[in-house]
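Please keep the sequence and the structure at hand while reading.

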Amino acid sequence: MAHRPQQSDEHSGIHRGIHYSLKRNAAPGYWRYAYVIGAKVRAGRVQGRLPLLAIRRVTMRIDRDMRDGQAPTP
């Protein structure tokens with residue numbers, strides 16, 4: 001029987017110059033996220049059984065926050 005590759009419980013990345021992090025939540029199918037835009041820290045949870053889906057949802061939130069007039073500071 002072949003072993004399935006173990007999925008990571010944490011992920012971090014950079015989207016449009018914004019560093020974000022994801023951690024699997026205790027509730028199945030939920031992920032905790034956090035990122036900083038300017039002086040505002042954004043944190044919360046997203047739903048997604050697959051890690052790539054959770055990553056996509058966080059990047060969409062970053063895009064939405066940047067579109068609302070909040071520009072990243074260098």
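Predicted model: local features only at pLDDT ≥ 70, side-chain atom pairs only at ≥ 80, totals over all residues.

Between Trp-31 and Asp-9 the C-alpha to C-alpha distance is 9.0 Å, although 22 residues separate the two in sequence.

## The sheet and the helix

Four strands form an open sheet in the order 1-2-3-4, and their pairing is antiparallel. Strand 1 and strand 4 (40-47) stand at the edges with a single partner strand each, so that one side of each has no neighbour in the sheet. From one strand to the next, the twist averages 20°.

Within this arrangement, strand 2 and strand 3 are joined in the antiparallel sense over five bridges, and Ser-21 is found opposite Ala-34 of strand 3. Helix 1 lies across strand 1, strand 2, strand 3 and strand 4, and its direction makes an angle of about 30° with strand 3.

## The nonpolar core

The largest nonpolar core consists of twelve residues, among them Trp-31, Tyr-33, Leu-22, Val-46 and Val-58. At least two residues of this core come from each of strand 2, strand 3 (30-37) and helix 1 (51-67). In soluble globular proteins, nonpolar side chains tend to be buried together.

Tyr-33, one of the core residues, touches Leu-22, Val-46 and Val-58, which are core members as well. When residues up to four places away in sequence are not counted, the contacts of Tyr-33 also include Ser-21, Arg-42, Ala-43, Gly-44, Arg-45 and Arg-61.

## A loop residue with positive phi

Which residue has a positive phi of about 55° although it is not a glycine? The residue is Arg-16, which is found in the loop between strand 1 (10-15) and strand 2 (18-24). Most residues other than glycine have a negative phi.

With a relative accessible area of 57%, Arg-16 is classed as exposed, because the cut-off for that class is over 50%.

Definitions and conventions: Residues numbered from 1 in each chain as written. Heavy atoms only, no water. Buried < 20%, exposed > 50% of the residue type's maximum accessible area, 1.4 Å probe, protein only. Core = buried A, V, L, I, M, F, W, Y, C linked by side-chain atoms within 4.5 Å. Contact = heavy atoms within 4.5 Å. Pairing = 2+ DSSP bridges. Axes fitted to C-alpha atoms, helices over the stretch in contact; angles between N-to-C directions.
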